[in-house]
Amino acid sequence: MPDRLSALDASFLYVEDHSTPMHVGGVAIFERPRDGFTYEQLLDLIGQRLAFLPRYRQRVLEVPGHLARPVWVDDVDFDLNYHVRRSALPQPGSDGQLFDLVARLMSRRLDPGRPLWEAYFVEGLAGDRVALVTKTHQSVVDGLGTIELGQLILDAAPQEPEPFDDNWHPRREPSRTQLILDAVAETVQRPTELVENVRSIAHDATAMAGKVTGTVGDVASALKTMVKPAPSGPLNVRTSGGRMFAVVRTRLEDFRKIRAAHGGTVNDAVLAAITGALREWLLSRGSNLTATTTVRALVPMAVRDAETAEYSTPALVGNQVDAYLVDLPVGEPNAVLRLQHIGHAMADHLDSGRSVAARGLLTVGGFAPATLHSLGARAAGSMSGRIFNVLITNSPGPQVPLYAGQAKMVEMFPVMPLVRNQALAIGVTSYHGGVYFGLNGDRKAVSDVDLLAGMIEESLEELKGAHW
């Protein structure tokens, strides 16, 4: 039987265009060990681990006449050097130069004729550091059969480099005749499939995306809780092809202190810091905020046991990922009240089970932030951007060092994709005592994304010093 793309995975290909590439990214920064960490060593490490990720050596093959959804086939011309690329900054490279490079890389679509992922080994960073920038299409990582590459190459202890001997042999690509025969056989069994495929021929991506939303979760029941679409504003504009990327570095202990002082969860404090920053950013844009003004966020989160819920806890309940619609109270001037509003909203969601996605996004094989961010992007990509203003993925990571080979990872920043007509996406990850924010903004609509990043730091300081 052909390994056919699911309706959801196919929709990510159908809705993609030059302004909204549908890939998730990550930026991991490493200390170069005394013995070095070279591009060739990274190639060997990734090559060794690809045996556990068959999808990373497969490409998408269209069915003639669009009689059925595309199929996954082995790439008979697979070239690891094409996917793992070497880059460098002019020494001593600054973080700003690195993040400018990240923005340019993330704005480019992946080659649809090859396996849908890329990794960039970036040298030249000041302080004898190197960076690994990854891009993976949303159709690749489902959290079930395929996890994110970053999850597979990181280990809890340094690993000695080993030479890579590739014994992989691709399966023969099916012929056009076989693809058509398989498609006709499936159409006879399920006639409704033909209607969906005709839509794809007409490039009716919106209809297709709406159709497959049901495969991610019971969105209809959640929509009953909303009487109007997300508020309009500068975060919902026509998406351009350019990107800007900025980061924020904070400490997990600061969020724990806020939780201890005001209640709620560490996740509530993270969302409150973002809310305060969005408030100041909107005011800097001349927005007229009232006491009831909100920004609606789509927040995919890992579900944990209530008795042990902690931002840094890796254990999940059934490895489950749910996504919630949260109205962030940007009109509220008091930082503590903003935190309380968010805490009540999140508690209501958890108590009522009003999730808008993701009981189908479960069973992550060993928790990893990179995979969870990919699943969160799938949840957002399967929905209409009209129901939320900004995507915020929030992934608890390990509080111990991780290594790629013998190189210690010191920081990790998610890069979340923009969906159509949206200007900002924020990824948050905790790791080894830090909480790291990655802000991906549309180059035209949010050219001042670095200003917004600074406002998150200011908002956190406001929360730390806030009193009733």
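**Notebook: strands, helices and rings**

I started with strand β6, where threonine 136 is the bridge partner of tryptophan 117. This is a predicted model, so I kept in mind that local features need pLDDT of at least 70, that side-chain atom pairs count only at pLDDT 80 or more, and that totals for chains, interfaces and linings use all residues. Residues are numbered from 1 along each chain as its sequence is written, and side-chain values use heavy atoms, with hydrogens and water left out.

Next I looked up the strands around that bridge. β5 (residues 117-125) and β6 (residues 129-137) run antiparallel and are joined by seven bridges; two strands pair if DSSP finds at least two bridges between them. Strands are DSSP runs of E, at least two residues, and helices are runs of H or I, at least four, numbered from the N terminus.

Which order do the strands of the open sheet have? I read β4-β5-β6-β1-β12-β11, six strands with mixed pairing. β4 (84-93) and β11 (403-404) are at the edges with a single partner strand each, so one side of each has no neighbour in the sheet.

Then I turned to the aromatic rings. I found nine aromatic pairs in the whole structure; rings of Phe, Tyr and Trp (its six-membered ring) pair if their centres lie within 6.5 Å, with planes under 30 degrees apart stacked, over 60 edge-to-face and the rest tilted. Phenylalanine 99 and phenylalanine 413 are edge-to-face, at 5.9 Å centre to centre and 80° between the planes. This pair links distant parts of the chain, 314 residues apart: phenylalanine 99 is in helix α4 (residues 95-107) and phenylalanine 413 in strand β12 (residues 407-415).
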